[in-house]
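This report looks at one helix, its packing against a neighbouring helix, and a sheet elsewhere in the chain.

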Amino acid sequence: MHLYNLTLQPPTAITQAIVGNFSGVRQQEIITSYGTRLELLRPDPQTGKIATILSTDVFGSIRSLAAFRLTGGTKDYAIVGSDSGRIIILDYDPKTSSFVKLHQETFGKSGARRIVPGQYLAVDPKGRSAMISAMEKSKLVYILNRDAAANLTISSPLEAHKNGAIIHHIVGLDVGFENPTFAALEVDYTESDQDPTGEAFRNAEKMLTYYELDLGLNHVVRKWSEPTDPRANLLLQVPGGQLASSDRFDGPSGVLVCCEDHIIYRHMDAPQHRVPIPRRKHPLDNRDRGMLIVSAVMHKMKGAFFFLVQNEDGDLFKVTIEHEDEEVKALKIKYFDTVPVASSLCILKSGFLFVASEFSNHYFYQFQKLGDDDDEPEFSSTSYRSFGMEDPTSPLPHEYFRPRPLENLALADEIESLDPILDSKVLNILPNSDTPQIFAACGRGSRSSLRTLRHGLEVEESVSSDLPGIPNAVWTTKKREDDAYDSYIILSFVNGTLVLSIGETIEEVQDTGFLSSARTLAVQQIGTDALLQVHPEGIRHVLANGHVTEWKAPSGKSIVNATTNKRQVVVALSSAELVYFELDLEGQLNEYQDRKAMGSTVLALSIAEVPEGRQRTPFLAVGCEDQTVRVISLDPESTLETISLQALTAPPSSICIAEMLDASINKSQPTLFVNIGLQNGVLLRTVLDPTNGQLTDTRTRFLGTRPVKLIRVQIQRNPAILALSSRSWLNYIHQNHMYFTPLIFESFDFAWSFSAELSPEGLIGITGSTLRIFQIPKLGTQLKQDSIPLLYTPRKFIAHENYFYLVEGDHRVLGEDAGEKKLAELRQQGKKIDQEVIDLPVEVFGRPKAPAGTWGSAIRIIDPVKAETVAYIPLDSNEAAFSLAVVPFSVRGGELHLVVGTAADTTVSPRSCSSGFLRTYKFTDEGRGLELLHKTETDDVPLALLAFQGRLVAGVGKALRIYDIGKKKLLRKVENKVGNDNTIQTFTSPIITLNTQGSRIIVGEMQESVSFVAYKAPENRLLVFADDSQSRWVSAVTMVDYNTVAIGDRFGNVVVNRLDPKESEQVDEDPTGAGILHEKGVLMGAPHKTKMIAHFHVGDLITSIHKVAMVAGGREILLYTGLHGTVGILVPFVSKEDVDFISTLEQHLRTEQSSLVGRDQLSWRGYYTPVKAVVDGDLCETFARLPGPKQSAIAGELDRTVGEVLKKLEQLRVTTSGF
């Protein structure tokens, strides 16, 4: 078994974001790290929208990111710390739109290790040096400079190590042009290590240490080290240094130390200032909870600076420092606004704030004001004795603020993110859909959602209006060549034509020169200012002065088909003859003297647009009923001669020639494509050779069940093609990459480009008798997301009939009923309650926090087709739901019940609960409601439930049990215990997944991989007969077949294990299981072991795996989802030749495509165990982006042409995923 791994949706969790002028122009961009990918985002300051300019896989894991600029430079570079043991400096090259590696310096082993630097990065604000640090001991300083040719240079590393030190954070100090200095938060653990009493550990001090790089002596010295707050977790650089032009200081220099509940200003030889972090004035909040700052950003303006810091609830505070030259007068803090909790905050000079959320969508806000002149209380260090440092060990009194909706910020844009995906299902539920949808339970806390992912582009409809009849075609046209917008909409009906003018409103006009009594075949704005209409009886050429010239079709013949461009017209007559017209220099249409007889009815015609600077396009493509396409020359020397011919498998229904820039074929100039739509719903795309007119490199794709119509349109000023069948598809170019994606909308009967003031980049289409004007806003996306909001973090969900049953729950939050009770108590005590604060929207401000062991949880019934919650059942008495299953109990005649596994007073670490429960519900109202039958107590948390042979099999903690339904509760029928007195449990860690086939149960344990269990009914026994030879931290399991399982683990690996079929048969043929009972266990486990047949490191924690077919009639694949929002597939290869071909290609690409972070691709994909029997499809897909000569060299080595290699890769992707 060989598999091909492809990522359909790359991870969307941003781990870090940096801002800078990376392309060297005056506009700021954002580089975001998604753990294993880098993206460059460009915000548009006018519209406030963010566009993705570049997205690239690094085949390694990015641990840190920093931007720097050399003194006096105008361009920013990015430094990347990763798990490759190397420091990388990247430069963005706008010409090729790619990241270029300028420097790659090796300093240590690869892998994310404790003492190999890469975890933290700090840069001197003047861009003279950078420090890269590990979690422990090692810190290296590199000097950055430029050589005589103004190229960036990097020195060899200087060490700033300290043995036995754990490093919490590092930052570069702003010291102007004095020696670069770095500050670090360190804890020395040498004494704690040697002291068995634990006294030294309790007294260990957290030190704030300054390291100075002496540029003269070229070495690093420890300049200053002082103990600071033991709960310090973050350092922020305070501006400092003198301005070159005046004596004024930019700021006092030093650092802000963010600790639990406080922020302290510190600098060498300067008094400290301390302020408390304000808390929410919420009647239900847990007052004893500590407050930490989780992310922060400093922004410098002319003559001033401020900090925005964010706590764990998402509240932003503005911190300012009052100073005179280098002396700090006061440190002040005030509430600013509340946004989602961020992993990174970036402030842009154009007045925007980018919030890279820890979970769910990322947001882009615009500053409305800086919060200076509002009545929000401000807390200053001067209000406390000795600036709040009278007793550094005791906390300052709590200060409070009232949370409120956004006031200083306004939302400008939102980037969708699936992170984290906790569970998913792949089903085809939605009406009129021929491919399955992915339903993903995403998010955390009150920002969670259930999202429907559909392959396709979102369509934004702006106008929809009913028409008097059913038109068969629609066109728009300008009056003059240089008009900005279209003037007319032309609708063709069976027996007539309607012309509408586009102005303030859209209304019918009569005096356009168009013939309204016949149907129209083609409309074209021709020459500089004339219009052309082709109808069955002839051609009308309407000049600007209203004069109409007409060419009539020969008697007894009519025009059946036509194609036009700005200078040429070709029509096909019912007698299978072609007539060719060309515009002369005076603007007259001239007919070419000969007509070409085709010998078979013409079904489709197409010519390309006139190339710039040319008189005509030299090729015409003609599709005939005899299932052929001929390319005919329109060159003056060889007019209407057949150049080449292609046979088809069905009669053509439509042809479209278009010039598009496909970078995989030719990076420098557009390629001429002939797109041929067939009557059986298949689309062929062939390349037309511009020199000799031959057709090469044919790719096919099935679009739908109706004959294909092809229309050339403009999308973002680039040519694109709409292909209409039972689904509408768009073939377009985005960032030099060609996409072919369905539109998620009703299927169109006809469509055309539409350009007016309201929608300059629109399209117009007809569906039945409705005219629709629409845009396609998000190009480049493959999956459209629709979301249903949830209240708590989703845990698991299942599909049953047409509904989803989802359990959600959150730790350390107050449930609704607990909150109401507490409020009632407070009211009884006569306390005043601020109702406004309590009524603030939960999805923004979150639920009130509570101590550990407190849960809010609920069961939700969702209708995925209507995208709404049908029923919501909150759980009371501190119960939280963890698992669920629909079980047809055979004792009750197969009646379906929903069993939900819950537990009360659960603590997460160490794992315990006061009692577990199995709640059994009956379905009411055809599945729209639930009625509780009874609750069954268990001794542990039931983390996995499954229907099995008319009963319920449950993983309760480490026990595997089978339950049957009784009147008062569920009855335990069998438990897997072994040993003489039946007390020893065979599983050593909690059971988290269950799968079944026949009388076999596949059990996934939290830490001990997967076991095969057989249920022997005669003896009523559960017997473990096979397990894995190595332990794995399982997170998702699915059965590939009766003997094979696919496992996803917490370290980002996908493994396929198989049991020997002989051993499997032997177990199935043993009726009582006596044989297994007496077999000797192997390696302290079961008597048989599974064999690993495939292994691959995906780089994201796998949360679900499914065996599905993603394409109608396609083969079954494994689809997996990852915690960071990844969706990927594993495709089984069909033949040995494919395996050899693709693996050889992968080997060549490994040597050609070096990783951006300097990680070896093979060792990255085999992070924990070497790669086995899996090809990295993401690496193979980069073949299309290689320079032409490299592509040819690799294809030559494989004895193929470049086109054949690309075709093979496209076929692998399209036939299995549809993407």
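Contact here means heavy atoms within 4.5 Å, and helices (H or I, at least four residues) and strands (E, at least two) are DSSP runs, numbered from the N terminus. The model is predicted, so local features need pLDDT of at least 70 and side-chain atom pairs count only at pLDDT 80 or more, whereas totals for chains, interfaces and linings use all residues. Residues are numbered from 1 along each chain as its sequence is written, and side-chain values use heavy atoms, with hydrogens and water left out.

In α8, L1145, H1148, L1149 and E1152 meet K1190, I1194 and E1197 of α11.

| State in α11 | Residues |
|---|---|
| Buried | Q1191, I1194, A1195 |
| Exposed, on the other side | P1189, E1197 |

The buried residues of α11 fall within an arc of 100° seen down its axis (taken from the directions from the helix axis to the C-beta atoms), so they line one face of the helix. Their cover includes α8 and α12 (1202-1217). After α11 comes D1199, with a positive phi near 60°.

The open sheet has five strands in the order β91-β92-β93-β1-β94, with mixed pairing; two strands pair if DSSP finds at least two bridges between them. Because β91 (1102-1108) and β94 (1174-1176) stand at the edges, each with a single partner strand, one side of each is left without a neighbour in the sheet. Six bridges join β91 to the antiparallel strand β92 (residues 1117-1122), where T1121 is the bridge partner of S1104.

Key:
Buried means under 20% relative accessible area, exposed over 50%, partly exposed in between (1.4 Å probe, protein chains only).
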